[in-house]
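These are my notebook entries on a few positions that I looked up in one structure.

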Amino acid sequence: MRHRYLYLDPALLRALLTALDLRRLFNQLLLASGGQVGEAMEWMRYLQEAGYLPEDIDLEEFFASLEDEDVLSRAADGTMQLTGVGERRIRRSAFEEIFAGLRRGGPGYHPVRAAGEGSEPLPETRPYQFGDELATLDMGRSFTNALKRTCGELELEEDDLEVRETEHLTACATVLAIDVSHSMVLYGEDRITPAKKVALALTELITAKYPKDHLGVILFGDRAQEVKLSDIPYIQAGPYHTNTRDALRMARGLLSRKKHPNKQIFLITDGKPSAITEGKRIYKNPFGLDTKIVNLTLEEAEQCRRHRVVITTFMIATDPPLVEFVDKLTQINRGRAYYASPYNLGEFILADYIRNRRKRVR
């Protein structure tokens, strides 16, 4: 039997890298097309015809391999669609892409560690104190202290004992509210695809590492609506206004039914609030900052604060009037605000989520 090692076989390595790159590109196109497999395939064929993909790549063979791997399936009408396996691969791809940025340094902040009784052991130790759990004893350091004190005689005393520090981890209930108004795809910049990547990465992070946490996803345009996590790849922006108040109200209602000590809303938006719901009708004003809309939205932010729901706003815009509005909303809610581009949005949000699992949000 012959073995082929990647680092000794450039041809095999090149083929593997090509396959990985194709998968990443296909996942990106799937997100940009709202989960439309046929449209993503046509885009790949177009990119090859335009010279962006090598001519020797057999795209039809690549598509067939995805079907063989149960990433894609053929519907009764002959069209291709994502399977559950395909949706999980997209989530994992989004998570790995964003988390790779965190490992490189991310946006510049790190998890906050709290010394004391918790559930995650740290490498640091401290002297044993009455009441410490015996399970946290560092036996290696404790025996070393005894040997040093007695010059080789193993006589363990209380002063020799050391315990490992732990960090606090607290369960979180998070609602991710994504703006799907028309401005998310205006001005030649796709902002909805990075927002979907964030939702997919958060889903993968929570299900894999923090299974006791809760994640809900809300879309808001003219109105807010809750969507299932399996619907995330298919999210698309539409010809809608921005009903931020409705999103905050729905998120607060969803969180009120959760018993997690940490409750937070991640609000991703790039535009001013331009709509509110009044009974069954929608009041809209896309021109400037409407005082009525702004005041009612700020009132909802205050209600979230009263219910101990922290709003973290990720603003994909830097217009002075919008910055002023977000600053006001953040001040009223006592929350947090970040001004991020679509290119580092995911790193900001994952880092913020991980950091705030380490402490109780009040």
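Where is Glu162 found? I located Glu162 in strand β4, strands being DSSP runs of E of at least two residues and helices runs of H or I of at least four, numbered from the N terminus. The model is predicted, so I note that local features need pLDDT of at least 70, side-chain atom pairs count only at pLDDT 80 or more, and totals for chains, interfaces and linings use all residues. Residues are numbered from 1 along each chain as its sequence is written, and side-chain values use heavy atoms, with hydrogens and water left out.

**Glu162.** I found Glu162 buried but without a salt bridge. Buried means under 20% relative accessible area, exposed over 50%, partly exposed in between (1.4 Å probe, protein chains only). A salt bridge requires a side-chain nitrogen of Lys or Arg within 4 Å of a carboxyl oxygen of Asp or Glu. Arg141, the nearest side chain of opposite charge, is 4.2 Å from Glu162; here Lys and Arg count as positive, Asp and Glu as negative, and His and the chain ends are not counted. I also noted that Arg141 and Asn145 are among the contacts of Glu162 beyond four places in sequence, contact meaning heavy atoms within 4.5 Å.

**Phe266.** I placed Phe266 in strand β8, residues 262–269. Phe266 counts as buried because its relative accessibility is 0%. Its contacts beyond four places in sequence include Leu176, Phe314 and Tyr353.

**Leu154.** I found Leu154 in the loop between α5 (139–150) and β4 (162–167). Leu154 counts as exposed because its relative accessibility is 53%.
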